[in-house]
Amino acid sequence: MLYFVRRAGFFLATLWAAVTLNFLIPRMQPGDPAEALLTRLQGNTQAVNPVQLEAIRKMLGTQDGNLLSQYWDYLGAICRGEFGISYSYYPYTVTDMIGSALPWTLVLVGVTQLVSFVAGTLLGAWAAYRRNSRVDSVITLGSTFVGTLPFFWIALLLIFVFAITLNWFPEGGGYGGGSSPGWSWLFFSDAFQHSVLPAVALLITGPIGWIIGMRNNMVQTLGEDYARLARARGLPRRRIALTYGARIAILPNVTGFAIALGGLLGGTVLVETIFNYPGLGRLLLEAVSNKDYPLMQALFLFTTIGVLIANFLADVTYGFLDPRVRRAEAP
């Protein structure tokens with residue numbers, strides 16, 4: 001019980017620190033979002049009118065007062081679930097913008113993360129089971145080679161070959177101009193075609209970390225004393241690999257997968273930018289570029305909370321799966 005109480009306390013303390021940093025970091029950036037919006041509307045050739053600037057600040061709901069009062073207002077708004085109006089997409093609220101981009105990221109990144117984890121873990125376990133064989137060499141060397149390739153190069157190569165040269169799939173975007181978001185077969189088929197290339201780009205590089213991690217963990221686990229004792233007792237090799245090897249070796253991968261799912265709310269900035277995909281990653285890039293404080297804070301906050309919750313659940317899962325973790329913190 002002490003282990004779980006400590007994990008919960010650490011989670012709450014980390015959450016408070018993350019929320020505080022999420023408040024401070026955007027305000028440490030130079031520049032004024034209202035001034036940037038006014039300059040973008042009227043161009044760089046005209047001087048900034050102080051009256052117009054103050055009007056835009058009131059329109060955007062920019063907080064007044066010192067930093068401490070803004071911090072308390074910010075905590076109260078979080079508790080009420082209010083994140084303000086987006087500076088970049090006025091008059092839409094931050095909740096509206098995140099709600100429109102979240103399904104795209106959940107479908108694309110969520111599915112590819114799950115497939116990458118399952119495929120990478122199985123391939124890594126197979127390579128460890130057949131270690132020092134041709135299968136092990138092909139899986140290990142192949143994944144290492146693919147891991148050296150820059151992701152943006154793979155994405156651009158897919159666009160050049162399958163979108164520009166062969167014209168099999170669209171170059172980017174979430175859907176074409178001939179369809180509009182809705183519950184129709186035309187929209188779903190169009191969205192699926194637009195998601196194929198970014199999904200393939202993620203699936204090429206996604207399983208590599210799971211393969212290498214699972215293979216190394218399982219090889220190390222199969223070399224422990226209990227695995228040697230199982231072999232000395234004459235247990236089948238496959239049973240030893242599954243019961244004594246894969247079951248223990250998969251624990252670090254479970255933690256990594258939980259953290260990866262927690263970071264899912266942040267989207268994948270690079271892939272969504274290259275393919276012009278309307279997800280949370282591209283929304284975050286636009287928010288940073290336009291100094292959109294409310295949108296930045298909400299996206300950072302969701303990502304941080306997702307990672308912290310995933311990490312906390314992984315710690316709790318560890319405590320149930322491996323009693324040694326609980327005994328290590330016992331007084």
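Analyst: Keeping in mind that this is a predicted model, we can start with helix α7 (residues 151-165) and helix α8 (residues 185-205), which pack at an angle of about 140° with their axes 10 Å apart. Angles over 145 degrees would count as roughly antiparallel, and α7 and α8 are therefore oblique to each other.

User: OK, and is the crossing of α7 and α8 left-handed or right-handed?

Analyst: The crossing in which α7 passes α8 is right-handed.

User: Which residues of α7 and α8 meet there?

Analyst: From α7 the contact takes in Phe151, Ile154, Ala155, Leu158, Ile159, Phe162 and Ala163, and these meet Leu197, Val200, Ala201, Leu202, Ile204 and Thr205 in α8. Sorted by class, that contact of α7 with α8 has 12 nonpolar residues and 1 polar residue, with no charged residues.

User: What about α5 against α8, at what angle do they cross?

Analyst: Helix α5 (residues 94-129) and α8 cross at roughly 45°, and their axes come within 10 Å. That angle makes α5 oblique to α8, and the crossing of the two is right-handed. On the α5 side the contact is made by Trp104, Leu108, Thr112, Val115 and Ser116, while α8 contributes Phe187, Ala191, Ser195, Pro198, Ala199, Leu202 and Leu203.

User: And how does the contact of α5 with α8 divide by class?

Analyst: The contact of α5 with α8 divides into 9 nonpolar and 3 polar residues, with no charged ones.

User: Switching to α6 and α9, how far apart are their axes?

Analyst: The axes of helix α6 (residues 134-147) and helix α9 (residues 207-222) lie 9 Å apart, and the two helices pack at an angle of about 135°, which makes α6 oblique to α9. Their crossing is left-handed. In this contact Asp136, Ile139, Thr140, Ser143, Thr144, Val146 and Gly147 of α6 meet Ile208, Ile211, Ile212 and Arg215 of α9, and the residues involved divide into 5 nonpolar, 4 polar and 2 charged.

User: What lines the largest cavity?

Analyst: Its lining is formed by Arg7, Phe10, Phe11, Thr14, Leu308, Asn311, Phe312 and Asp315, with α1 (2-28) and α14 (293-321) each supplying at least two residues of that lining. By class, the lining residues of the largest cavity divide into 4 nonpolar, 2 polar and 2 charged.

How values were computed: Residues are numbered from 1 along each chain as its sequence is written. This is a predicted model: local features need pLDDT of at least 70, side-chain atom pairs count only at pLDDT 80 or more; totals for chains, interfaces and linings use all residues. Side-chain values use heavy atoms; hydrogens and water are left out. Axes are lines fitted to C-alpha atoms, for helices over the stretch in contact, and angles run from 0 to 180 degrees between N-to-C directions. Helices (H or I, at least four residues) and strands (E, at least two) are DSSP runs, numbered from the N terminus. Angles under 35 degrees count as roughly parallel, over 145 as roughly antiparallel, 65 to 115 as roughly perpendicular and the rest as oblique. A crossing is left-handed if the near helix is turned anticlockwise from the far one by less than a right angle, and right-handed if clockwise. Contact means heavy atoms within 4.5 Å. Ala, Val, Leu, Ile, Met, Phe, Trp, Tyr, Cys and Pro count as nonpolar, Asp, Glu, Lys and Arg as charged, and the others, Gly among them, as polar. On a 1 Å grid over the protein atoms alone, a cavity is a set of points where a 1.4 Å probe fits but cannot get out, and a pocket is an open set with protein on both sides within 12 Å along at least five of seven lines; lining residues have an atom within 4 Å of a point.
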